[in-house]
Amino acid sequence: MPAIKQLPSHVADLIAAGEVVERPASVVKELLENAIDAGASAIVAEIAHGGMTYLRITDNGCGIAPEDLPTAFLRHATSKLRTAEDLNAIGTLGFRGEALAAISAVSRVDVLSCVSGADSGASLHLEGGVAGEVRPAGCPRGTTIVVRDLFYNTPARMKFMKKDTAEGAAVSGIVTHLALSHPDVSFRLLRDGAEVLHTPGDGTLQSAIYAAMGRDFARGLLIVHGASDPVAVDGFVSQPLQCHGTRGKQVFFVNGRLVKSQLLTAALEEAYRNRMMKGKFPGCVLHVTLPPDQVDVNVHPAKTVVKFAADKPVFDAVYYTVLDALDAQDRPASPAAPPQEAPRDFFRTMTAREYRAAAQEAPRAKTAPNPAAGGVQLRMHDVAVPHKPFTAEVMRGGQPVTYQITPPAPPVKAPRPQPEQQTIEPEQVKPWRIVGEVLKTYIVCEDENQTVWLIDKHAAHERIRFDALRAAATPPMAQSLLTPLAVDLAEAEYDAVLEHLPLLESFAFSCEDFGGGTVLVRRIPADIRPEDAPAALEELAEKLALGGADPEGARDALLHTMACKSAIKAGMDTSPAELAALVAQVQSGAVAYCPHGRPVKYALSRYDIEKMFKRA
Ligand code: ADP
Ligand code: MG
């Protein structure tokens, strides 16, 4: 064995640098975070060749005093942490004191800085971590750091760099995320001289989203705002119909820090369950805020991993606040009102029937997450039977609108006198005129504001069936079959059925093992025709086999299948009375998506139609 020796410090620095500085984007991230920590209100990032040859970050923050300049580039030198206790309550983005040392170890750096109040500033040049002399320099308040020739002295690392465009795109991603987490700071990014991003820094998340993620994304968003002590959740989520093909548009911040978290993703997507198509993902920009001692951000140098002291309160807070936002938008202010109309208190414009329907939806919501933790504020399910005034925010015509709602008395347990009910029906909403049915699938209607509605009759009915099945306290009615059905199943499904016999029984499927992959079915749900039963059972078994451990999901899967099998089908004849009943439900806003997330209705305004005919 050769003798053991401590590494020379410059070698140790290079190794340490490799952990902090992976690529230009990580340099930009560290420098932008320093600028934010320095209290800057405007930050400009410029890069050339994806940041490999040149990148410059300019801020108007507090600056670095000339005598501190060399110190700032030493390892473990920081102004943000003094004692071990401070680690438990970190309020800044940086705290390790490693970034500047790491960056300067693998590049050529020039720094120019001026603290507020000083007449002039100072500059310093470093090459491979070796500092030159501090020289006086004239400059405005703030700090400019130029990084040239990244990895010039670590050729092994250089080999791992992607094309300039890929590195530049990664830099854009970082700037975007920081801009979204700091709407009060104006960010500009110039790539090879062209401005690719510029946020106003006006303090509103919407402006930042608009500038950083584009108009299309910003347009289809719903406000999310709520808290379940001690976790607050704020931001925007995409409308179920504007979901995306990947999770790339999910942006989460915990206490202002960008994180990747399966927990947060799961909570978000759970809220969209039954509203979104398979293979689609919601987008979001969500800020989760909780006391610093409830989060451990110190788990990975890149710091996008997060650990919570307790997962459940965080999951619940995100899940319920997002669910509230989605539920709120499913209940339109007035089904007949054009979106551009001035907002009105939507409880007062509801008919008594809609009001009761909304109230009946309340039990559908899961129970309050944790009574000890204070419950979620602004829960639309709870306020469906509201007792005190509250505010709610919903999107109207693409704009977020805050409603001050003073709800009427809760609906009847014992019958109420008539006049009281009339107070919640000040305005009669005209039923949509049913023009007819086309392709034996779509109902065509017109509302009093000349909007034409197309309704998918199967999707609408399926949703109604699904909600009814889900709300029902009693298990579905069963019908006994004269001759038991023998259903052959694939192995996994066969096992799943045998494993879940009591669950299936609670859904009115009585099955018994017939051996060799066959089950005998003696009773089936009354809503399902016997000829549909084998297919329904197979579908359930498949879902049970896949869904396994999640009883809530399995239950929903069962209900999906039952709703689908018992709903009016496209291509089948439907009586006018049935069509009218469907239209009334859709008009009331009670159904918006089928349980698989497909839309139930589609609006065509007069303008849309005139545009088709080139009249507008
Ligand atoms: P950390 O951010 O973890 O403290 P860094 O190596 O990133 O470590 O920075 C070291 C120190 O240099 C910081 O603590 C801060 O005092 C100072 N500093 C770095 N960048 C700036 C800046 N843009 N404006 C003002 N001070 C800065
Ligand atoms: Mg730092």
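Helices are DSSP runs of at least four residues, numbered from the N terminus. In the model described here, which is predicted, helix H7 spans residues 205–213. Within helix H7 itself, the buried residues are Leu205, Ser207, Ala208, Ile209, Ala212 and Met213.

Two further positive phi values belong to lysine residues. Most residues other than glycine have a negative phi. Lys440, which is not a glycine, has a phi near 50°. This residue is found in the loop that runs between strand S19 (433–438) and strand S20 (442–446). The relative accessible area of Lys440 is 38%; because this value falls between the 20% limit for buried residues and the 50% limit for exposed ones, Lys440 counts as partly exposed. Lys614 is also not a glycine, and its phi is positive, at about 55°. Lys614 lies in the segment that follows helix H20 (606–612). With a relative accessible area of 72%, Lys614 is exposed.

The backbone also contains a cis peptide bond. Most peptide bonds are trans. The bond that joins Asp229 and Pro230, however, is cis, with an omega of about 5°. Pro230 is found in the loop between strand S10 (221–228) and strand S11. Strand S11 covers residues 231–238.

Arg463 gives a second case of residues separated in sequence. This arginine lies in helix H14, which consists of residues 457–471. A separation of 127 residues in sequence lies between Arg463 and Ala590, whereas the C-alpha to C-alpha distance is 9.2 Å. Arg463 has a relative accessible area of 8% and is therefore buried, as the class requires a value under 20%.

Helix H2 (24–37) and helix H4 (99–105) are the elements that give two or more residues to the shell around ligand 1. There are 19 residues around the ligand, and those that come nearest are Asn34, Thr78, Ser79, Lys80 and Gly97. Sorted by class, the shell contains eight nonpolar, seven polar and four charged residues.

For Ser79, a polar side-chain atom lies 2.4 Å from an oxygen atom of ligand 1. For Thr78, the distance from a polar side-chain atom to an oxygen atom of the ligand is 2.5 Å. Thr143 has a polar side-chain atom 3.4 Å from a nitrogen atom of ligand 1. On its own, ligand 1 has 530 Å² of accessible area, and the protein covers 92% of this area.

Note on methods: Residues numbered from 1 in each chain as written. Chains lettered and ligands numbered in written order. Predicted model: local features only at pLDDT ≥ 70, side-chain atom pairs only at ≥ 80, totals over all residues. Heavy atoms only, no water. Near = heavy atom within 4 Å. Polar contact = N/O pair within 3.5 Å; in protein donor to acceptor, adjacent residues only side chain to side chain. Areas by Shrake-Rupley, 256 points an atom, 1.4 Å probe, with all protein chains shown as cover. Nonpolar A, V, L, I, M, F, W, Y, C, P; charged D, E, K, R; others polar. Buried < 20%, exposed > 50% of the residue type's maximum accessible area, 1.4 Å probe, protein only.
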